[in-house]
Amino acid sequence: MDLRDRLTKAKELLIAGEDESEVPDVIGYQDVKHQWELGYRDMLVQVIRSGDCGPDSTSIIDFPKTDLTVRPLARFSTRDRLIYDALVFTVAHQIDRQLHPNVSSYRWDQYKGEPIGWWYNWTSYRRKSLRAIRSDASLRVAYIDIAAFYEHIDVAILGDDLEALGGDRRPVSHIMDFLTRFQTINHAWGLPQGPDSSGILANLYLNPVDSYLDHNGARFLRYSDDIKVFHRDWSELRDLFLGVNSQLRSRRLAVSSAKTFILDPQDAIKQETDIRHDSLSRGIKCGRPRAREGLVAYFEDIAKEGKFNGNQVRFILGQLRMMKDDRAVGWCLENLPRLPHAITHVFKYLNAAKSRTCEIESALVRFLSSSRSASYPLIEQRILRYFIAMDVKDERVKEAAWSILGDRNRDDYAREFAARYIGQHASIAEAQMLRHRFEGETSGAIRRAELVALYEAGYLTTRYRNEIKASLSGMEWLCNFLAAGPRISPPRIGPHVYF
């Protein structure tokens with residue numbers, strides 16, 4: 001697979017992942033898809049071959065892990081993201097050949113030339129864990145987790161690892177330039193979180209830990225930075241843990257004390273099996289009435305206790321959506337600020353509940369118009385995305401969108417969708433105001449969204465578009481796309497399962 005093919009693969013995977021993206025693109029990369037064979041790919045090839053691989057700009061998003069904690073998510077420009085993925089794909093097959101069979105995460109499909117889907121990898125990891133514990137009732141399990149893993153990866157050491165792979169050094173040099181610049185231009189360090197490509201590189205970084213365990217005859221499994229070691233004897237497990245800890249220190253890493261422990265056999269089985277989730281899921285699939293009653297009771301317990309565990313919320317909303325049960329709509333709307341870590345599932349569920357559309361829209365408008373919405377840019381973005389997808393025209397939403405767009409202290413990913421919403425429902429006077437904002441904007445991402453908004457508002461003339469194309473670097477591809485007069489598709493929030 002040559003560079004052009006790797007770039008095409010990176011583009012296809014990026015577009016295919018939009019439905020589940022943590023921070024989706026304002027037009028789902030429709031401009032890149034349209035311009036791909038018309039020069040966009042060739043531009044990327046030329047950039048990589050010149051060695052000027054970037055990234056040119058990156059934003060770091062505090063993405064929710066729970067209702068209280070966050071992780072730093074790197075958001076690249078489309079150009080930079082495709083370059084990064086294509087560069088890592090160049091060495092991915094070499095990295096995968098170095099990995100132990102017991103590593104499940106970010107494996108490489110050599111026949112398709114792409115990463116194996118995360119769901120297959122995760123279920124394989126979980127299946128192997130259960131099989132190991134059930135194969136011997138006397139096995140204890142050491143659970144080892146690495147603190148802030150991606151952030152503490154030493155890029156210089158990773159560069160040594162990549163060079164040791166041998167072969168063409170140019171891709172390695174480009175990857176190192178990319179990562180070094182990533183750390184230089186941002187308040188960030190280590191590997192950028194978000195792209196699967198970082199997971200591929202992270203696997204190579206932990207290869208010495210896998211080798212240590214293998215050379216010491218340990219029975220182990222690893223999924224990214226989650227490591228499980230199996231042994232009957234507690235002291236043996238402790239010794240192996242100390243050895244792993246030493247390997248991690250040599251790589252500038254440390255274990256998370258809160259998530260590292262040794263469990264006896266029965267406790268390990270409880271840790272590995274979520275019996276309630278498994279039994280409810282199987283029962284609902286088989287149409288058992290008691291399973292439905294059990295899920296309702298499970299939801300009511302969580303609602304009563306005020307729990308916002310991400311895994312529980314995602315499971316319950318997914319199952320209720322499959323059952324076409326709208327009982328959680330009010331709870332979701334009432335507790336939106338506590339649910340940003342499950343926001344994709346929340347809006348899939350709300351989108352499916354067509355019989356409650358009026359109630360949902362009213363609550364979302366109230367939230368967007370309230371003073372507290374500014375503290376939740378991810379929720380603002382999802383609400384605006386929902387209204388764009390549903391083609392809802394509401395003056396209160398438009399007013400809130402103007403406020404979001406005009407606040408440069410707001411995150412770009414919320415402001416982008418605010419611009420597009422305004423563009424879809426703008427009067428001529430508002431379109432003129434959008435143009436004024438476009439001409440004074442400094443963020444490339446916001447300018448892109450505002451140009452789309454001008455187009456959807458019917459206020460992008462051929463003369464003005466050509467002027468922008470000639471004077472603003474990086475906007476030519478979007479201008480070429482808009483010159484074709486496309487109907488820009490609305491966002492797709494979830495599968496078409498309505499109730």
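Two strands are said to pair if DSSP finds at least two bridges between them. In this predicted model, strand β5 (residues 140–145) and strand β7 (residues 226–231) meet this condition, being joined by six bridges and running antiparallel.

A hairpin is formed by β6 and β7, with two residues between them. In the turn, S224 has a positive phi of about 55°.

These strands belong to an open sheet of four strands, in the order β6-β7-β5-β8, with antiparallel pairing. Strands β6 and β8 (261–263) are at the edges, and each of them pairs on one side only. On average, neighbouring strands of this sheet are turned by 20° against each other, direction ignored. Helix α9 (residues 207–215) packs on the sheet and touches β6 and β7. The direction of α9 makes about 165° with that of β6. In general, the strands of a sheet pair through backbone hydrogen bonds, either parallel or antiparallel.

Aromatic rings were examined next. A pair of such rings is described by the distance of the centres and the angle of the planes. The count comes to 21 aromatic pairs. In one of them, the rings of Y84 and F178 have centres 4.9 Å apart and planes at 15°; planes under 30 degrees apart count as stacked, so the Y84 and F178 pair is stacked. This pair links distant parts of the chain, with Y84 in helix α4 (residues 78–98) and F178 in helix α7 (residues 169–184), 94 residues apart.

Contacts of a further aromatic residue, Y455, were also listed. Y455 is placed in helix α22 (residues 444–456). Neighbours within four places in sequence left aside, Y455 is in contact with L460, L482, G485, P486 and I488. The C-alpha atoms of Y455 and A431 are separated by 9.4 Å, and these two residues are 24 residues apart along the chain.

The largest cavity has a volume of about 40 Å³. Its lining consists of F299, I302, Q312, V313, I316, L317 and W331. Of the elements, α14 gives the most, with four residues. By class, six residues of this lining are nonpolar and one is polar, while none is charged.

Among the open spaces, the second largest pocket holds about 300 Å³. The lining of this pocket is made up of 21 residues, and D62, P64, S375, Y376 and P377 lie nearest its centre. The elements that give two or more residues to this lining are β1 (58–64) and α18 (377–390). Strand β1 gives the most to the lining of the second largest pocket, with four residues. By class, the lining of this pocket has 13 nonpolar residues, together with four polar and four charged ones.

Conventions:
Residues numbered from 1 in each chain as written. Predicted model: local features only at pLDDT ≥ 70, side-chain atom pairs only at ≥ 80, totals over all residues. Heavy atoms only, no water. 1 Å grid on protein atoms, 1.4 Å probe; cavity = no way out; pocket = protein on both sides within 12 Å on 5 of 7 lines; lining within 4 Å. Points joined across faces, edges and corners; volume = space filled by probe spheres on them. Nonpolar A, V, L, I, M, F, W, Y, C, P; charged D, E, K, R; others polar. Contact = heavy atoms within 4.5 Å. Axes fitted to C-alpha atoms, helices over the stretch in contact; angles between N-to-C directions. Phe/Tyr/Trp six-rings, centres within 6.5 Å; stacked < 30°, edge-to-face > 60°.
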